[in-house]
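Please view the sequence and the model before reading on.

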Amino acid sequence: AMLSHANLIANSYQMRLWMTDAMPGREVTLAVLPLFHVYGLTMCMLTTILLAGRLVLVPRFDLDPVFAVIDEERPTLFPGVPPIYQAIVDSPRIRRHDLKSIRVCVSGAMKLPRDTQERFERTTGGRLVEGYGMTEASPATHCAPLAGPRKVGAVGLPLTGTLARIVDPDDPSVLMPVGETGELAVKGPQVFLGYWGRAADTSVITAA
């Protein structure tokens with residue numbers, strides 16, 4: 001998937017705008033996601049740069065160094081995936097560490113279990129929300145609200161500047177009625193240029 005600089009910067013600004021209470025120059029991002037993956041690149045590195053924040057790199061996820069970094073660096077932003085949050089709340093060592101500095105966590109890559117979400121939020125006092133996207137979208141297209149009401153188990157709303165609709169998988173020109181299952185079609189500035197060596201119509205991307 002070919003992502004342009006414009007795609008990556010657009011998605012970084014979309015996530016920056018989503019975090020309405022983010023404080024420029026004061027945020028500390030705990031980066032356990034690999035930066036060679038677009039999720040880590042955009043959510044950890046590029047968004048932190050836009051915030052003039054501090055990026056704390058952890059080479060790989062392991063509970064001991066992660067707890068040590070949290071104790072020492074006091075991160076405020078912690079993008080991740082459900083198994084990371086699950087491992088933290090399941091660890092008996094969690095009682096020895098203060099995770100209250102963590103305010104915002106965006107979970108991606110797979111469905112976030114409700115129990116994991118609720119336990120992590122009780123432990124940190126922060127907000128853990130679910131997002132949705134794909135590599136072809138730099139990667140985020142949707143995210144649950146970071147403040148106010150939310151629908152647990154849903155991926156949330158389209159990000160700023162993103163259009164989305166549910167279409168018939170057999171005929172993408174047909175919109176599905178509200179409440180019906182279909183294919184998600186997305187259009188926005190974060191949508192990729194196409195696949196390497198292959199022509200593609202990238203004005204809209206779809207996912208089942």
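## Nonpolar core

The largest nonpolar core holds 42 residues, and L30, F78, I88 and F120 have the most contacts inside it. Such a core is a set of buried Ala, Val, Leu, Ile, Met, Phe, Trp, Tyr and Cys residues joined through side-chain atoms within 4.5 Å; buried means under 20% relative accessible area, with a 1.4 Å probe and protein chains only. Two or more residues each come from α1 (5-18), β1 (28-31), α2 (38-50), α3 (63-73), α4 (82-90), β3 (104-107), β4 (127-133) and β5 (140-143). Helices (H or I, at least four residues) and strands (E, at least two) are DSSP runs, numbered from the N terminus. With five residues, α3 gives the most to this core.

The model is predicted: local features need pLDDT of at least 70, side-chain atom pairs count only at pLDDT 80 or more, and totals for chains, interfaces and linings use all residues. Residues are numbered from 1 along each chain as its sequence is written, and side-chain values use heavy atoms, with hydrogens and water left out.

## Strand β1

T29 lies in strand β1 and counts as buried because its relative accessibility is 1%. Leaving aside neighbours within four places in sequence, T29 is in contact (heavy atoms within 4.5 Å) with residues including C44, T48 and R54.

Conventions: Buried means under 20% relative accessible area, exposed over 50%, partly exposed in between (1.4 Å probe, protein chains only).
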